[in-house]
Amino acid sequence: MKHSEPQTLIVSDSQADRRLDKYIRSQVKGVPATVLFRMMRTKQITVNGAKCKPDQRTVAGDKVHLPALEVAEAKPKPAGDRKAAEQLARRLSRHIVFEDDDLLIVNKPANIAVHVGSGVRAGVIEALRVLRPEDKELELAHRLDKETSGLLIVAKNSKMLRHLQSLLREGGEDIQRYYLAVVSGAVKKSGKQPRRIDAPLRKTGAATVVDRRTGQQAETKLWVKKPWGRAGTLVEAQLLTGRKHQIRVHLQHLGHPIIGDSRYGDRAVNQAAAEKGVRMLMLHASWLVIPLPGGEELDVQAPMPPAWNKLRG
């Protein structure tokens with residue numbers, strides 16, 4: 001354990017309307033919640049000179065006085081390889097499709113991880129921190145599998161991050177996420193209405209399986225678009241929940257795995273696609289409709305990778 005220095009925090013606009021205890025813990029890493037609660041009860045922590053409670057909401061401009069606090073030694077976040085992040089940053093700079101003061105959306109190429117990890121020297125978030133060093137609060141709002149291409153949302157401040165994560169946590173169609181995929185075989189259309197796949201999912205190590213007894217709720221809407229060459233069908237999927245590998249497993253469950261899926265796909269179909277020059281998972285996050293805090297909607301689209309057309313001939 002170590003001790004932080006006494007300090008006075010001034011709540012910024014982006015940190016307004018948070019629980020006070022969560023705000024303090026976001027600013028002073030490693031403080032146990034029980035310590036904060038005790039110091040608030042005894043008025044060692046004050047807001048604008050007055051006694052405060054853990055669940056009160058922060059207001060922009062509030063002055064939060066903190067005494068020296070006992071904090072745990074923080075584990076440093078993996079920073080990745082700086083040179084690898086710089087190289088990836090140069091590539092990703094051409095793939096930013098939307099940016100304002102609060103968020104950034106990148107059209108991620110396939111086979112790029114979203115963050116550093118085992119065997120990954122740098123991911124999207126590390127590269128964006130190189131590109132935007134002035135944005136100190138850059139964080140991924142959600143994830144895409146390394147193999148999946150398409151639209152990835154990055155929050156530029158904690159207020160927007162909380163807004164986006166709240167939308168994603170609630171599920172449903174508040175935030176609309178659409179994907180294009182080319183699947184194996186001929187998929188029959190089910191009329192004008194989309195097909196609704198309701199198949200609970202359970203994680204088993206690195207894979208995910210359908211498990212109607214103990215799995216978590218997982219729902220996907222599916223539209224059949226058109227045949228894609230001799231061996232596939234282009235479909236559009238909308239996530240209503242966000243389970244790991246959800247679309248990939250749901251389409252495998254239907255008997256039409258995504259072409260290029262090394263984990264859930266058909267090896268022979270994948271090999272045939274590779275021989276035609278398509279060596280990627282044919283799953284692309286193509287369209288986002290995001291409700292913004294002010295009531296507007298942000299509509300962003302990204303076309304499918306051109307390489308997919310090699311299977312149409």
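The model is a predicted one. Its protein chain has 313 residues, of which 47% are buried, and it is divided into domain 1 (2-71), domain 2 (82-164) and domain 3 (172-311).

**Overall architecture**

- Seven helices and 18 strands are present in the protein chain.
- Taken along the principal axes, the box filled by the C-alpha atoms is roughly 70 × 45 × 40 Å.
- The C-alpha centres of domain 2 and domain 3 are 22 Å apart. Domain 2 supplies 18 residues to the contact and domain 3 supplies 22 residues.

**Helix 3 and helix 4**

- Helix 3 (residues 82-92) packs with helix 4 (residues 124-131) at an angle of about 80 degrees, and their axes are 8 Å apart. An angle of 65 to 115 degrees counts as roughly perpendicular, and helix 3 and helix 4 are therefore roughly perpendicular to each other.
- On the helix 3 side, the contact is made by Arg82, Ala85, Glu86, Leu88, Ala89 and Leu92. On the helix 4 side, Val124, Glu126, Ala127, Val130 and Leu131 make the contact.
- By class, the residues of this contact are eight nonpolar, no polar and three charged.
- Val124, Ile125, Glu126, Ala127 and Leu128 are buried in helix 4. Val124, Glu126 and Ala127 of helix 4 also take part in the contact with helix 3.

**Nonpolar cores**

- The largest nonpolar core has 47 residues, and the members that touch the most others are Trp228, Ile247, Ile258, Met282 and Trp308.
- Strand 11 (residues 176-184) contributes five residues, the most to this core.
- This core lies between domain 2 (82-164) and domain 3 (172-311), because both give residues to it.
- Beyond four places in sequence, Met282 touches Leu180, Ala181, Val182, Trp228, Ile258, Ile259, Trp308 and Leu311.

**Buried residues in a strand and a loop**

- Ile290 is in strand 17. Its relative accessibility is 0%, and with under 20% as the limit for buried, Ile290 therefore counts as buried.
- With residues up to four places away in sequence left out, Ile290 touches Ile105, Ile153, Leu164, Ile175, Glu296, Glu297 and Leu298. Ile153 is 137 residues from Ile290 along the chain, and the two C-alpha atoms are separated by 9.9 Å.
- Ala199 sits in the loop between strand 12 (195-198) and strand 13 (201-204). This alanine also counts as buried, at 1% relative accessibility.
- The contacts of Ala199, apart from neighbours within four places in sequence, are with Val210, Arg212, Ala218, His250 and His253. From Ala199 to Ala272 the C-alpha to C-alpha distance is 29 Å, and the two are 73 residues apart in sequence.

- Asn48 has a positive phi, near 55 degrees, and is a residue other than glycine. Asn48 belongs to the loop between strand 3 (46-47) and strand 4 (50-51) and is partly exposed, with a relative accessible area of 49%.
- His245, which is not a glycine either, has a positive phi of about 60 degrees. The loop that holds His245 runs between strand 16 (232-239) and helix 6 (246-253). His245 is buried, with a relative accessible area of 9%.

**Gly277**

- Gly277 is placed in the loop between helix 7 (267-275) and strand 17 (283-291).
- The relative accessible area of Gly277 is 23%, which makes this glycine partly exposed.
- Gly277 and Asn309 are 32 residues apart along the chain, with 9.9 Å between their C-alpha atoms.

Terms used: Residues numbered from 1 in each chain as written. Predicted model: local features only at pLDDT ≥ 70, side-chain atom pairs only at ≥ 80, totals over all residues. Heavy atoms only, no water. Axes fitted to C-alpha atoms, helices over the stretch in contact; angles between N-to-C directions. Helix = DSSP H or I, 4+ residues; strand = E, 2+ residues; numbered from the N terminus. Parallel < 35°, antiparallel > 145°, perpendicular 65-115°, else oblique. Contact = heavy atoms within 4.5 Å. Nonpolar A, V, L, I, M, F, W, Y, C, P; charged D, E, K, R; others polar. Core = buried A, V, L, I, M, F, W, Y, C linked by side-chain atoms within 4.5 Å. Buried < 20%, exposed > 50% of the residue type's maximum accessible area, 1.4 Å probe, protein only. Domains from an automatic or database assignment.
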